[in-house]
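Here is a friendly walk through one protein model, meant to be read with the sequence and the 3D view side by side. Turn the view as you go, and look for each residue as it comes up.

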Amino acid sequence: MSADDKTSPDKLSPDKLSIVVFSGDFDRVHYALVMAAAAVASNTPVTLFFTMWAGRALEKPLPDGSPAWTRLRVSDGGMTAAEMDAGFKAKGIGSFEELLEACVALGVTVMVCEMGLKALGMDPDGLRPDVPVAKGGVVTFLADASRTGAMVFV
C-alpha cells in the first residue's frame, strides 16, 4: 500500500491519544499510565486528563512521606494500592512511580481538571512538584485532543 492510501497502517492508527482518568481506583489509574507510556513510546502523543478522584493520585506525598496514590482504593477491595503496586513490581510490571516518571520523561501532557479539583476541595498547589501539570478544564482538554486521535475514558 502506498503512504497515501487511506487503508495503510499509518492511516489506521490515531495521531494522538487523549485519556480521561476519572476513576479513583488505583488499578485503573495505573493502567491509564500503562497505556500512556506505551503510546508515547510508540511515537503517539498523549494527554492524560486527571479529574475527580483520580486527581488524588497526583497530590503531594502524605505527611509520612508515602505517595498520595497509596490511599487510592483498589477495585476488587482485596488489597491496598501499595500492596498491588508491590505485586506488580515483583512480577516485572512497571510500578506506579516508574510509569509516572516514564510518562513525564517521554513528554506526556498531564492535565488536572480545575472543576475536579474544586469539586473535591483539593488545593491546586497541593499537587506533586515533580509532575508538570497543565491546569485547565474540559474545554482545554477537548481543544488539546486531535480530531483524528483516540479518546479513552478510564
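Patches are made of residues with over 30% relative accessible area and no salt bridge, where like charges are joined within 9 Å and nonpolar side chains (Val, Leu, Ile, Met, Phe, Trp, Tyr) within 5 Å. Accessible areas come from the Shrake-Rupley method with a 1.4 Å probe, and for residues only the protein chains shown count as cover. A salt bridge is a side-chain nitrogen of Lys or Arg within 4 Å of a carboxyl oxygen of Asp or Glu.

With that in hand, find Val138, Leu142 and Met151: they form a nonpolar patch on the surface, and their accessible area together is about 270 Å². Leu142 belongs to helix α6 (residues 138-144); helices (H or I, at least four residues) and strands (E, at least two) are DSSP runs, numbered from the N terminus. Its relative accessible area is 49%, so Leu142 is partly exposed. Buried means under 20% relative accessible area, exposed over 50%, and partly exposed in between (1.4 Å probe, protein chains only).

## About the model

This is a predicted model, in which local features need pLDDT of at least 70 and side-chain atom pairs count only at pLDDT 80 or more, while totals for chains, interfaces and linings use all residues. Residues are numbered from 1 along each chain as its sequence is written, and side-chain values use heavy atoms, leaving out hydrogens and water.

## The sheet

Next, the strands. Five of them make an open sheet in the order β4-β3-β2-β1-β5, with parallel pairing; two strands pair if DSSP finds at least two bridges between them. The edges are taken by β4 and β5 (150-153), each with a single partner strand, so one side of each has no neighbour in the sheet. From one strand to the next, the twist averages 20°.

Strand β1 (residues 17-21) and strand β2 (residues 46-50) run parallel and are joined by 5 bridges. Val20 stands opposite Phe49 in β2. Helix α2 (residues 26-41) packs on the sheet and touches β1, β2 and β5, its direction making about 165° with that of β2. Axes are lines fitted to C-alpha atoms, for helices over the stretch in contact, and angles run from 0 to 180 degrees between N-to-C directions. Contact means heavy atoms within 4.5 Å.

## Salt bridges around Arg128

How many salt bridges does a search of the whole structure find? The search finds 8. One of them joins the side chains of Arg128 and Glu97 (2.8 Å, N to O). This pair links distant parts of the chain, 31 residues apart: Arg128 lies in the loop between α5 (114-119) and β4 (133-136), and Glu97 in helix α4 (residues 96-105). Both Arg128 and Glu97 are buried.

Arg128 also meets Asp130 in a salt bridge (2.8 Å, N to O). Arg128 has 10% relative accessibility and therefore counts as buried, whereas Asp130, at 45%, counts as partly exposed. Elsewhere, salt bridges that share partners join Asp25, Arg28 and Arg73 into one network.

Is Glu59 buried or exposed? At 13% relative accessibility, Glu59 counts as buried. Glu59 sits in the loop between β2 and α3 (81-90), and its side chain meets that of Arg56 in a salt bridge (3.2 Å, N to O). Arg56 is buried too, with a relative accessible area of 18%.

Leaving aside neighbours within four places in sequence, the contacts of Glu59 are Ala68, Arg71, Met122, Gly126, Leu127 and Arg128. The C-alpha atoms of Glu59 and Trp69 are separated by 7.7 Å, with the two residues 10 apart along the chain.
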